[in-house]
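Work through the exercises below with the sequence and the 3D view open. Try each task before you read its solution.

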Amino acid sequence: MRLETLRFGINDPAPHLTPDVAVLDTNTGNLCSFCGQPAGLHAMRIGNAFSCVLCGLVQSLHRTTIDEELRLIWLPEMSQAALNVMVRQIHIDLQELGESVYCDDTPKSSEGMRTVLYTAQRILRERSETIAERLGSSRASDLADALTVLVDRHVGLQNLPWGGLRAFPTGRFYVGGVNAYGKIISSWRGNTEASMKEVA
Ligand SMILES: [Zn+2]
């Protein structure tokens, strides 16, 4: 399967360390400045921009949970923003089917779209083997360490040849030590607004 080259013309988040990333507790209703999708619950504020967690993670490699949340992959066919939009849709579809969204899990059955969704996720996940061959590691924290060294040497990160390096979201996002990613997907599906209306 060859993935189409997709470019959305929106800011493409490059992997880097942003010191002033704030994870918000609420659903702001803002669109993500990087992929153009609804930012949803636990959106991140990066400077003046709002980011969904998928685009925000790429810029938050200093997180202590980052190796649980991201894996480095080699995917030159697709921009980081396009990858994030595709992974978001896979996760939304899996949650609607009542399946785990975590990339290492397997579906409970092969009914409906499950096999297609898990196969797409597996193909992306397996691209981490290519990056491990090229860089010696597919751990996001190792990239964070390397970037810290480059920043100390005053290397302009935006000028680095990123090539096909991408960060693949695993299907987890931790807030206060708890995996909150399922609630975040629900907010993307609009369930947060629906439940708030029901309460009102
Ligand atoms: Zn985004």
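A residue counts as buried if 20 or more other C-beta atoms lie within 10 Å of its own, and as exposed if 12 or fewer do. Keep in mind that this is a predicted model.

**Exercise 1. Which residues of H4 are buried, and where do they lie around the axis?**

Step 1. Locate the helix. H4 covers residues 114–135 and has 22 residues. From its first C-alpha to its last it reaches 32 Å, close to the expected 32 Å.

Step 2. Apply the cut-off. Leu117, Tyr118, Gln121, Leu124, Arg127 and Ile131 are the buried residues of H4.

Step 3. Find the packing partners. The buried residues of H4 pack against strand E4 (70–74), helix H3 (80–96) and strand E5 (165–169).

Step 4. Check what follows the helix.

**Exercise 2. Is Leu72 buried or exposed? Find its contacts.**

Step 1. Leu72 sits in strand E4.

Step 2. Count its neighbours. Leu72 has 25 other C-beta atoms within 10 Å, so it is buried.

Step 3. List contacts beyond four places in sequence. Leu72 touches Ser128, Ile131, Ser138, Ala140, Leu143, Leu165 and Ala167.

Step 4. Compare sequence with space. Leu72 and Arg166 are 94 residues apart in sequence, yet their C-alpha atoms are 5.8 Å apart.

**Exercise 3. Which residues touch the most other members of the largest nonpolar core?**

Step 1. The core has 42 residues, and Cys52 and Cys55 touch the most other members.

Step 2. Trace the sources. Helix H1 (53–58), E4, H3, H4, helix H5 (140–152), E5 and helix H6 (181–188) each supply at least two residues. H3 gives the largest share, 7 residues.

Step 3. Leaving out residues up to four places away in sequence, Cys52 touches Cys32, Cys35, Gln37, Ala39, Gly40 and Ala43.

**Exercise 4. What is the strand order in the open sheet of 3 strands?**

Step 1. The order is E1-E2-E3, with antiparallel pairing.

Step 2. Strand E1 (21–23) and strand E3 (49–51) are the edges; each pairs on one side only.

Step 3. Strand E2 (residues 44–46) pairs with E3 over 3 bridges. Ile46 has Ala49 in E3 as its bridge partner.

Conventions. Residues numbered from 1 in each chain as written. Predicted model: local features only at pLDDT ≥ 70, side-chain atom pairs only at ≥ 80, totals over all residues. Helix = DSSP H or I, 4+ residues; strand = E, 2+ residues; numbered from the N terminus. Expected span 1.5 Å × (residues − 1). Contact = placed C-beta atoms within 7 Å. Pairing = 2+ DSSP bridges. Core = buried A, V, L, I, M, F, W, Y, C linked by C-beta atoms within 7 Å.
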